[in-house]
Amino acid sequence: RQMCIRDSKQLEIKGEKLHHIGVIASNPKQSKHLETATMIIFDTSVDFVNLRAETYADDSRIPVAIAFGTPEQDAKRRDLTINTLFYNINANIIEDFSQRGLKDLREGKIRTPLDPCQTFIDDPLRILRSIRFAARFNFTLVPELVNAARLPHIRSALHFKVSRERIGKELLGMIKGPRPELACYYIIDFLLYDIVFELP
């Protein structure tokens with residue numbers, strides 16, 4: 001929130017129209033551990049969040065502990081290397097703290113920033129996000145990610161740690177994307193059909 005207030009004052013000095021600053025307060029009971037602020041800058045909604053590090057429990061995809069972190073820690077907690085890129089507005093450069101994000105983006109590869117088993121155990125929904133991004137951009141899933149996604153304990157984690165609602169939301173994103181047939185192929189290939197399409 002403080003950064004939004006500071007930026008708002010800078011915009012006011014430059015004669016820009018000021019907008020309301022929206023704040024979503026931290027609420028650990030709803031897995032919202034850190035405050036988020038939103039403001040309009042040049043007709044674009046921008047979210048402000050702190051860099052963070054997370055710790056997960058074995059029985060939930062919701063982090064049990066979140067703390068302020070470094071750019072490296074924040075990048076490593078993300079689902080895919082292509083989503084670990086930062087834009088440094090002061091230096092006007094893209095920063096790649098995973099050391100793979102730009103390369104994977106150029107080469108069209110879907111890879112996790114950490115070992116895929118660890119990434120998927122922490123939050124098994126990332127398996128479906130990997131599929132959705134691969135189908136959306138027609139990117140290649142790297143072999144180690146595919147092998148990890150097929151492991152019985154990883155598939156079991158997806159079944160028990162992720163709600164039907166969240167699975168449905170990812171599935172809807174796949175169906176509305178440009179290559180729903182490719183997403184369905186990956187779901188079957190990863191042996192996830194019975195989990196994704198489980199009847200209530």
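Me: Which residue does the side chain of Arg111 join in a polar contact?
Reply: In this predicted model, the side chain of Arg111 makes a polar contact with the side chain of Glu144, at 3.1 Å.

Me: Where is Arg111 found?
Reply: Arg111 is in the loop between strand 8 (109–110) and helix 4 (116–122).

Me: Is Arg111 buried or exposed there?
Reply: Arg111 counts as buried, because its relative accessibility is 14%, and the cut-off for buried is under 20%.

Me: What else does Arg111 touch?
Reply: Leaving out residues up to four places away in sequence, Arg111 touches Asp79, Leu80, Thr81, Arg100, Asp104, Val142, Glu144 and Leu145.

Me: Asp104 is in that list. Where does Asp104 sit?
Reply: Asp104 belongs to helix 3, which covers residues 101–107. With a relative accessibility of 0%, Asp104 counts as buried.

Me: Which side chain does Asp104 meet in a polar contact?
Reply: The side chain of Thr81 does this, and the polar contact with Asp104 is 2.7 Å. Thr81 is also touched by Arg111.

Me: And which residues does Asp104 touch overall, close sequence neighbours aside?
Reply: Not counting residues up to four places away in sequence, Asp104 touches Thr81, Ile82, Lys109, Arg111 and Phe139.

Me: Changing topic to the whole chain, how many helices and strands does the protein have?
Reply: The protein has 10 helices and 9 strands. Of its 200 residues, 38% count as buried.

Me: What share of the contacts join residues at least 24 apart in sequence?
Reply: That share is 56%, taken among contacts between residues at least 6 apart in sequence.

Me: Now the core. Which residues touch the most other members of the largest nonpolar core?
Reply: They are Ile110, Leu128, Ile131, Phe190 and Leu192, in a core of 32 residues. In general terms, nonpolar side chains tend to be buried together in soluble globular proteins.

Me: What does Ile110 touch?
Reply: Residues up to four places away in sequence aside, Ile110 touches Leu80, Ile82, Ser130, Phe133, Ala134, Phe139, Thr140, Leu141, Val142 and Leu145. Among these, Leu80, Val142 and Leu145 are touched by Arg111 as well.

Me: Back to helix 5. How do the axes of helix 5 and helix 8 cross?
Reply: The axes of helix 5 (residues 125–137) and helix 8 (residues 164–176) cross at roughly 5 degrees and come within 9 Å. Helix 5 is therefore roughly parallel to helix 8, as angles under 35 degrees count as roughly parallel.

Me: Which residues meet between helix 5 and helix 8?
Reply: From helix 5 there are Leu125, Leu128, Arg129, Ile131 and Arg132, and from helix 8 there are Arg166, Ile167, Glu170, Gly173 and Met174. By class, this contact has 5 nonpolar, 1 polar and 4 charged residues.

Me: What about Leu171, is it buried or exposed?
Reply: Leu171, in helix 8, is buried, with a relative accessible area of 14%.

Me: Which residues does Leu171 touch?
Reply: Residues up to four places away in sequence aside, Leu171 touches Ile187, Val196 and Phe197.

Me: And where is Ile195?
Reply: Ile195 is in helix 10 and is buried, with a relative accessible area of 11%. Apart from neighbours within four places in sequence, Ile195 is in contact with Arg155, Leu158, His159, Arg164 and Ile167.

Me: How far apart are the C-alpha atoms of Ile195 and Ser156?
Reply: They are separated by 8.7 Å, and Ile195 and Ser156 are 39 residues apart along the chain.

Me: Last topic, backbone angles. What is the phi of Gln99?
Reply: Gln99 has a positive phi of about 65 degrees, although Gln99 is not a glycine. This residue lies in the loop between strand 7 (93–96) and helix 3, and counts as exposed at 62% relative accessibility.

Me: And what is phi of Leu191 near?
Reply: Phi of Leu191 is near 65 degrees, a positive value in a residue other than glycine. Leu191 is found in the loop between helix 9 and helix 10.

Note on methods. Residues are numbered from 1 along each chain as its sequence is written. This is a predicted model: local features need pLDDT of at least 70, side-chain atom pairs count only at pLDDT 80 or more; totals for chains, interfaces and linings use all residues. Side-chain values use heavy atoms; hydrogens and water are left out. Helices (H or I, at least four residues) and strands (E, at least two) are DSSP runs, numbered from the N terminus. Buried means under 20% relative accessible area, exposed over 50%, partly exposed in between (1.4 Å probe, protein chains only). A polar contact is a pair of N or O atoms within 3.5 Å; within protein, one must be able to donate a hydrogen and the other to accept it, and residues adjacent in sequence count only if both atoms are side-chain atoms. Contact means heavy atoms within 4.5 Å. Axes are lines fitted to C-alpha atoms, for helices over the stretch in contact, and angles run from 0 to 180 degrees between N-to-C directions. Angles under 35 degrees count as roughly parallel, over 145 as roughly antiparallel, 65 to 115 as roughly perpendicular and the rest as oblique. Ala, Val, Leu, Ile, Met, Phe, Trp, Tyr, Cys and Pro count as nonpolar, Asp, Glu, Lys and Arg as charged, and the others, Gly among them, as polar. A nonpolar core is a set of buried Ala, Val, Leu, Ile, Met, Phe, Trp, Tyr and Cys residues joined through side-chain atoms within 4.5 Å.
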